[in-house]
Amino acid sequence: MKISFFETARYRSPEPLPSAWPAPSGFYDRGAGARAYRDMIQRLQLVEELGFDWVSVSEHHYSPRILTPSPILAAAHIAAHLKKITIALLGPMVPHNNPVQLAEELAMLDTFTEGRLVVGLLRGTTNEYLTYDLNPLEARERTDEGMEVILKAWTEPHPFGWQGRYFQYRTVSIWPRPLQEPHPPTYALGVSREACEFAARHRIGCGVSFAPFEIVGKSTRYYREQCARYGWQPTPDHIVYRANMLIADTDEEAHAMLRRQPDRAPFVLREGVRDAFMTLDSRNVAGEARAPLRSGPLPTTFIGSPDTIVEQIRRCREEVGAGVLDLSLWPAGADDVDALMRSLELVGTKVLPRVRDI
Amino acid sequence: MSERSMAQHDAPGAGFEEGFVDADDFRIRYMVSGDGAPLVHLHGAGGLRLTPAHDLLSRRFRVIAFEMPGFGQSAENTRTRTIRELAVTMARATEKLGIESFNLLGTSFGGTTALWLTLEAPARIRATVLEAPAAIRPEGSEPPSGSPEEMARRLYGHPERLGTIPVADPAIQAKQRTLVSRLRGPDRDAGLERRLSELQTPTLVLFGTLDAVIPPAMGRIYQQLIPGAHLVFVYDAGHAISTERPEAFTDVVADFFERRDAFVIRRTPTLIHP
């Protein structure tokens with residue numbers, strides 16, 4: 001099992017912040033922001049020393065919860081400071097970005113990192129449709145098409161045009177190309193039938209997140225079935241699972257930590273917007289409909305002492321089939337960075353050495 | 001009215017008129033519609049079938065869609081020996097119709113014919129568009145065959161979106177298949193490929209990203225062999241691009257015929273509010 005650390009650039013606000021999304025920019029403290037990015041690098045140096053396999057970043061906007069609206073810039077900054085660890089972009093949102101530009105920037109990053117890049121591509125959480133004004137009804141199709149543009153831009157040797165539904169280009173011919181051939185390990189992220197099918201058809205990996213084993217297991221099973229239909233078999237490395245983990249010396253302490261977590265959804269939207277999204281956006285787990293927005297916090301799937309967690313990881317491998325576990329340690333947005341550092345040490349010293357052979 | 005709803009208003013090709021022309025002792029049927037610069041279309045191995053793309057193109061061009069000798073209702077063609085000969089016959093047919101110079105569109109097998117026609121009569125061709133051309137194929141590739149369902153799965157990326165797919169008369173199919181297998185030539189025709197470097201005609205090659213008859217990766221070889229050839233992928237279309245995505249197909253084809261190399265320059269306005 002490979003272990004990845006999900007880095008969110010912990011922003012510690014000097015004053016209490018409203019919980020709504022988007023968070024008003026006026027609350028932003030410039031000094032606290034600068035400190036968050038400085039601390040991020042220090043923390044990741046420890047993450048690298050502890051022997052984590054990957055560090056991951058993701059794209060979220062308009063909120064201090066995950067302070068990497070450009071995950072590509074974050075990754076480039078991290079790549080300049082860390083020398084060994086694999087950098088995973090999980091991921092840039094495809095539907096509201098220019099996919100050719102994404103292909104170029106990811107190729108640059110792969111070259112900067114000397115081939116230490118892993119890429120996950122995704123539609124994005126529902127609230128992000130408000131970022132850059134994306135029509136929710138078009139998001140899925142734009143994602144699928146954009147992902148295909150990226151794969152094509154990485155691999156075609158001559159200038160080409162693209163006559164799409166949502167994207168049209170008459171001249172694409174990127175420089176640099178990715179360092180890894182034909183391109184960095186790539187994942188279609190999401191538990192939906194569409195994401196799994198896309199991944200299977202293009203022989204790329206599948207990334208699932210923030211749901212219990214039995215839910216994400218449905219998606220990874222569906223993904224493997226689809227891969228078989230397309231005549232290939234994925235390895236455990238083809239499946240990444242991002243999940244919350246609360247780790248402490250004892251199970252009791254870990255559960256006490258969970259009780260102290262705020263009991264609210266990660267992105268709290270105005271009621272009218274939320275209600276509208278419930279009908280305009282559609283989401284599914286391997287084809288079974290699910291609500292586009294959560295009403296409560298993201299589940300904490302891994303919780304307990306190192307011994308308990310090792311057992312949970314073993315079970316995760318059996319039930320989900322994941323070969324890479326991307327850990328959101330101490331929930332994103334929580335600004336208790338000391339607690340996060342203790343969790344990192346525990347994972348690095350008490351868990352990592354015992355899950356390598358899983 | 002949007003292009004889509006206009007195109008679907010009538011059965012495809014309803015505005016086309018039938019005509020016949022004699023060339024090389026063949027009586028050649030064609031369908032014609034529209035004004036503007038002439039656009040000659042050479043169909044694929046399945047014969048002539050008018051699609052919404054023909055309707056859309058006929059609003060900007062005078063579209064002449066030929067039924068090549070031996071296809072459809074025409075008599076069995078046992079005389080034409082090579083696809084090059086077929087191309088020469090089609091060049092004569094256009095001459096007989098008084099078309100001096102024209103835009104040339106060839107589909108699949110008709111793409112190979114169009115390449116030969118461009119090589120044989122370069123001065124008369126303003127620009128050539130090859131829709132999923134079959135002139136360069138991976139070794140051992142087989143043309144689609146089997147039940148109508150199997151054929152549809154090979155030809156279309158999304159057969160389920162097309163509604164009822166007309167089934168051709170089995171006798172006509174058998175006749176066409178015999179002709180095509182005799183004329184289609186080797187998967188890699190060294191004689192043809194050697195000559196492609198002569199081409200001065202602006203050329204656009206189109207492949208559907210879901211083409212299951214000719215892999216879209218063949219597009220690269222045309223770019224290597226034809227000086228300045230353009231390659232455009234039509235997303236989410238199979239082999240029969242013009243049937244599956246007529247609006248997307250027409251947009252790029254018409255733009256290329258009208259502006260040739262300059263079609264790479266975007267002219268679509270993006271202004272939201274003046």
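This briefing describes a predicted model with chains A and B, going from the overall folds to selected helices and residues.

Because the model is predicted, local features are reported at pLDDT of at least 70 and side-chain atom pairs count only at pLDDT 80 or more, while totals for chains, interfaces and linings use all residues. Residues are numbered from 1 along each chain as its sequence is written, and chains are lettered from A and ligands numbered from 1 in the order in which they are written. The model scores ipTM 0.95 and pTM 0.95.

**Confidence in chain B**

- The average pLDDT of chain B is 94, and 97% of the residues score at least 70, where pLDDT is the predictor's confidence in each residue, from 0 to 100.
- Residues 1–8 of chain B have a pLDDT below 50, and this stretch has nine contacts in the model beyond near neighbours in sequence; two residues are in contact if their C-beta atoms, placed from the backbone, lie within 7 Å.
- Where pLDDT is low, the predicted coordinates should not be read in detail.

**Overall form of the chains**

- Chain A has ten helices and 13 strands, whereas the secondary structure of chain B comes to ten helices and eight strands; helices (H or I, at least four residues) and strands (E, at least two) are DSSP runs, numbered from the N terminus.
- For the 358 residues of chain A, a compact globule would have a radius of gyration near 21 Å, and the 19 Å of chain A agrees with this; the radius is taken over C-alpha atoms, and the globule rule is 2.2 Å times the number of residues to the power 0.38.
- The C-alpha trace of chain A spans about 55 × 50 × 40 Å along its principal axes, and the C-alpha atoms of chain B fill a box of roughly 60 × 40 × 40 Å.
- Buried residues make up 46% of the 358 in chain A and 48% of the 274 in chain B, a residue being buried if 20 or more other C-beta atoms lie within 10 Å of its own, exposed if 12 or fewer, and partly exposed in between, with C-beta atoms placed from the backbone.
- Among contacts with a separation of 6 or more, residues 24 or more positions apart account for 75% in chain A, and in chain B 73% join residues at least 24 apart.

**Where the chains meet**

- 13 residues of chain A are in contact with 14 residues of chain B.
- On the side of chain A that touches chain B, α4 (136–155), β5 (160–163) and β6 (168–172) of chain A each supply at least two residues, and β5(A) gives the most, with four residues.

**A helix pair and a loop residue in chain A**

- Helix α2 (residues 71–81) and helix α3 (residues 99–112) of chain A have axes that come within 10 Å and cross at roughly 10 degrees, the axes being lines fitted to C-alpha atoms, for helices over the stretch in contact, with angles running from 0 to 180 degrees between N-to-C directions.
- α2(A) and α3(A) are therefore roughly parallel to each other, since angles under 35 degrees count as roughly parallel, over 145 as roughly antiparallel, 65 to 115 as roughly perpendicular and the rest as oblique.
- In this pair, Ile72(A), Ala75(A), Ala76(A) and Ala79(A) of α2(A) meet Glu105(A), Leu109(A) and Phe112(A) of α3(A).
- Leu298(A) lies in the loop between β11 (288–290) and β12 (300–304) of chain A, and Leu298(A) counts as partly exposed because it has 18 C-beta neighbours inside 10 Å.
- Not counting residues up to four places away in sequence, Leu298(A) touches Phe210(A), Asn244(A) and Pro266(A).

- Helix α10 (residues 246–259) of chain B has 14 residues and reaches 20 Å from its first C-alpha to its last, close to the 20 Å expected at 1.5 Å a residue, where the expected span is 1.5 Å times one less than the number of residues.
- Ten of the 14 residues of α10(B) are buried, so this helix is largely enclosed by the rest of the structure; the buried residues include Phe249(B), Phe256(B) and Phe257(B).
- Just after α10(B), Arg260(B) takes a positive phi of about 45 degrees.
- Helix α4 (residues 109–120) of chain B has twelve residues and reaches 17 Å, close to the expected 16 Å, and ten of its twelve residues are buried.
- The cover over the buried residues of α4(B) includes β3 (38–42), α3 (83–96), β5 (102–107), β6 (125–131), α6 (170–183) and α7 (190–195) of chain B.
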